[in-house]
Amino acid sequence: MPYSGEVVKRGDSASGYHPVMTARKEAMLIDGVALSAQVRSGLAARVSALRERGKPVRLDAVLVDSGDSAARVYADNQAKTCAALGIEYKLHLLPAGAAYDDIAGRVLLLNTEDAVHAIMLHMPLPEGVDAYRVQRLIAPEKDVEGVNPANIGNVVYGRSSLAPCTALAVIKMVESVVADPLAPPGSQPPLLRGKRALVVGASDVVGKPIAVLLMRQEATVISCNKHTHNLPELTRSADVLIAAAGVPGLIRADMVKPDAIVVDVGVNRIKGPDGKMKTVGDVDFEPVRHVAGWLSPVPGGVGPVTVAMLLYNVVVSAEAFA
């Protein structure tokens, strides 16, 4: 039966203490808003420490003015979030219709500037500009979105902490469930050792990096997609199920192992019964909530944590340059 999250003591940390969860009828929600606030609180202290040493933390963002008000609102909100943590935010706004050479030139210039240690590229880019071609130009050590192919490759080898932010967010959410909060740092074995983890969706910057990061926790990982034969049979075997296929309601209750940890990465816009558009995930939320042990909502799950992990990467990069 799914967990309530109530902690029942079993000895102390010296004798192998860890939280024990009592049973209840509904899955516990993995609250992305609360977890994001927790991450940001820790980052604020690290930013303050850097600033005290005379090492400012700054995020340089490149945005092409495409007339998309949503993109500009996102950039403005990002600036406010950075300011709350003491992170400087510098927006490089390029005119509508900027060509590949204009965008690439700005990225290459930022690569050479010593004061710049964190670069991100806002989407969408103008029609005809290949995002991959631009992303691969961002210096790997300044690529805080983790989208440069070199960084994605380094994730496989365990040589880079600048992984794609959504993948980091998923791992952070799983860790928030399985980690013993009372254990001393570095004292726990890989958190998913011996567990079966299944990722539905294999995109280059979400599904594939998630699978690799799960492997680094010594999980047995299965990578699937919406076309996988016998998908329900496979998902029912997973202790940790990550839905990242971009298909509304793909994961039904009969596809979930009882007490499983389910993280929903999907962000889909559909028309609700009232005719209004709404945002839903890849998981059929209410039915699955009565089967899973832990479940992330959409919205309010992976999204806020992804933003926090971008800021985490900014701080990690600043510390490396300090």
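**Figure 1. Contacts and packing across the whole chain.** Take the contacts (heavy atoms within 4.5 Å) between residues at least 6 apart in sequence: 66% of them join residues at least 24 apart. This is a predicted model, where local features need pLDDT of at least 70 and side-chain atom pairs count only at pLDDT 80 or more, while totals for chains, interfaces and linings use all residues. Residues are numbered from 1 along each chain as its sequence is written, and side-chain values use heavy atoms, with hydrogens and water left out. Of the 322 residues, 44% count as buried, meaning under 20% relative accessible area with a 1.4 Å probe and protein chains only (exposed is over 50%, partly exposed in between).

Figure 2. Helix 3 covers residues 100-112. Its 13 residues reach 19 Å from first C-alpha to last, close to the expected 18 Å at 1.5 Å a residue; the expected span is 1.5 Å times one less than the number of residues. Which of its residues are buried? They are Y100, I103, A104, V107, L110 and N111. Looking down the axis of helix 3, these buried residues fall within an arc of 125° (from directions between the helix axis and the C-beta atoms), so they line one face. Here's the handy background: an α-helix has 3.6 residues a turn, so residues three or four places apart point the same way. Facing away from the buried side of helix 3 are the exposed residues D101 and T112. The buried residues pack against strand 4 (58-64), strand 5 (88-94), strand 6 (119-121) and helix 4 (131-135).

**Figure 3. D60 in strand 4.** Now zoom in on D60, which sits in strand 4. D60 is buried, with a relative accessible area of 0%. What does its side chain make a polar contact with? The partner is the side chain of H92, at 2.7 Å. A polar contact is a pair of N or O atoms within 3.5 Å; within protein, one must be able to donate a hydrogen and the other to accept it, and residues adjacent in sequence count only if both atoms are side-chain atoms. Leaving aside neighbours within four places in sequence, the contacts of D60 include K90, L110 and M120.

Terms used. Helix = DSSP H or I, 4+ residues; strand = E, 2+ residues; numbered from the N terminus.
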